[in-house]
Amino acid sequence: IRTTETEIGALLSSLSSAAVCCPCNKKQADTLYEKLVKDGTQAVVSEFGDSYNESRYSDFDIGHVHIESVGTDVTILCFGATVAPSADAANMLKAKGISADVIDVCSLRPFDTDGFVVASLQKTKQLFIVDCDKSGATAIYLLGMLALHGNAMCGLQAQPVVIKPVGNRTLVEAGDIYNVVAARYE
């Protein structure tokens with residue numbers, strides 16, 4: 001199933017056996033489609049039209065994450081259309097002295113089979129999830145997946161924060177992410 005729907009939270013619960021992937025650019029989506037057809041994998045691929053930054057990496061394996069940037073202070077989970085603004089926000093935060101792990105989840109299901117997100121949380125002890133779904137359903141799903149990974153959220157210094165579009169906007173902007181993360185350090 002190919003969708004451009006930003007509210008993918010419902011799909012995560014209704015299609016429990018299918019992989020759910022969120023490519024962050026057109027080239028990555030095309031490469032993913034080739035893999036899915038070749039392997040015969042059932043999947044929902046959620047493409048976001050505004051997220052096609054072709055300079056980003058073009059390949060990922062289902063079940064694995066992509067590390068956009070490495071930091072020590074906060075973990076920012078993102079996917080699809082939220083990857084570019086999250087990476088931009090990390091650069092803005094760096095100028096303020098805040099170092100961020102930015103992790104592109106890429107594949108919501110299966111989720112982080114290598115354990116990079118858990119390792120990041122153990123290191124930073126701060127979790128921000130950037131969701132393009134105004135309902136926050138995808139963020140809730142990610143929090144549930146982390147809860148299933150044993151001690152993933154034990155030791156967090158504060159409650160996880162979900163950053164989602166505000167007002168009439170359909171996408172989160174880098175400034176939104178920056179403001180929310182930086183506020184925790186003021």
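A residue is called buried when its relative accessible area is under 20%, exposed when that area is over 50%, and partly exposed in between, with a 1.4 Å probe and protein chains only. The model in these exercises is predicted, so that local features need pLDDT of at least 70 and side-chain atom pairs count only at pLDDT 80 or more, while totals for chains, interfaces and linings use all residues. Residues are numbered from 1 along each chain as its sequence is written, and side-chain values use heavy atoms, with hydrogens and water left out. Helices (H or I, at least four residues) and strands (E, at least two) are DSSP runs, numbered from the N terminus.

**Exercise 1. Work out whether strand S6 is enclosed or open to the outside.**

Step 1. Begin with the count: 5 of the 5 residues of S6 are buried, so this strand is largely enclosed by the rest of the structure.

Step 2. S4 pairs with S6 in the antiparallel sense over 3 bridges, and isoleucine 67 has isoleucine 103 of S6 as its bridge partner. S5, in turn, pairs with S6 in the parallel sense over 5 bridges, and here isoleucine 103 is the bridge partner of leucine 77.

**Exercise 2. Describe the order of the strands in the open sheet and the helices that pack on it.**

Step 1. The sheet has 5 strands in the order S4-S6-S5-S8-S9, and its pairing is mixed.

Step 2. At the edges lie strand S4 (66-69) and strand S9 (161-163), each of which pairs on one side only. On average, and with direction ignored, neighbouring strands of the sheet are turned by 25° against each other; axes are lines fitted to C-alpha atoms, for helices over the stretch in contact, and angles run from 0 to 180 degrees between N-to-C directions.

Step 3. Strand S5 (residues 74-78) and strand S8 (residues 127-130) run parallel and are joined by 3 bridges, with threonine 75 standing opposite leucine 127 in S8.

Step 4. Helix H4 (residues 116-124) lies across S4, S5, S6 and S8, and runs at about 165° to S6. Helix H5 (residues 137-148) touches S5, S8 and S9, and its direction makes about 140° with that of S8.

**Exercise 3. Describe the packing of helix H3 against helix H6.**

Step 1. Two packed helices are described by the angle between their axes and the distance between the axes. For H3 (residues 83-95) and H6 (residues 174-183), the angle is about 50° and the axes are 8 Å apart.

Step 2. This angle makes H3 oblique to H6, given that angles under 35 degrees count as roughly parallel, over 145 as roughly antiparallel, 65 to 115 as roughly perpendicular and the rest as oblique.

Step 3. Among the residues that make the contact are Pro85 and Met92 of H3 and Ile177 and Val181 of H6. The contact residues divide into 9 nonpolar, 2 polar and 1 charged, where Ala, Val, Leu, Ile, Met, Phe, Trp, Tyr, Cys and Pro count as nonpolar, Asp, Glu, Lys and Arg as charged, and the others, Gly among them, as polar.

**Exercise 4. Find the surroundings of isoleucine 76.**

Step 1. Isoleucine 76 is placed in strand S5 and is buried, with a relative accessible area of 0%.

Step 2. Leaving aside its neighbours within four places in sequence, isoleucine 76 is in contact with residues including Leu93, Val102, Phe128 and Ile177.

**Exercise 5. Examine the backbone at cysteine 106, lysine 125 and proline 110.**

Step 1. Most residues other than glycine have a negative phi, and most peptide bonds are trans.

Step 2. Cysteine 106, in the loop between S6 and S7, has a positive phi near 55°, and this residue is buried, with a relative accessible area of 0%.

Step 3. Lysine 125, in the loop between H4 and S8, has a positive phi of about 60°, but lysine 125 is partly exposed, with a relative accessible area of 30%.

Step 4. Arginine 109 and proline 110 are joined by a cis peptide bond with omega of about -5°, and proline 110 is found in the loop between strand S7 (107-109) and H4.

Technical notes:
Contact means heavy atoms within 4.5 Å. Two strands pair if DSSP finds at least two bridges between them.
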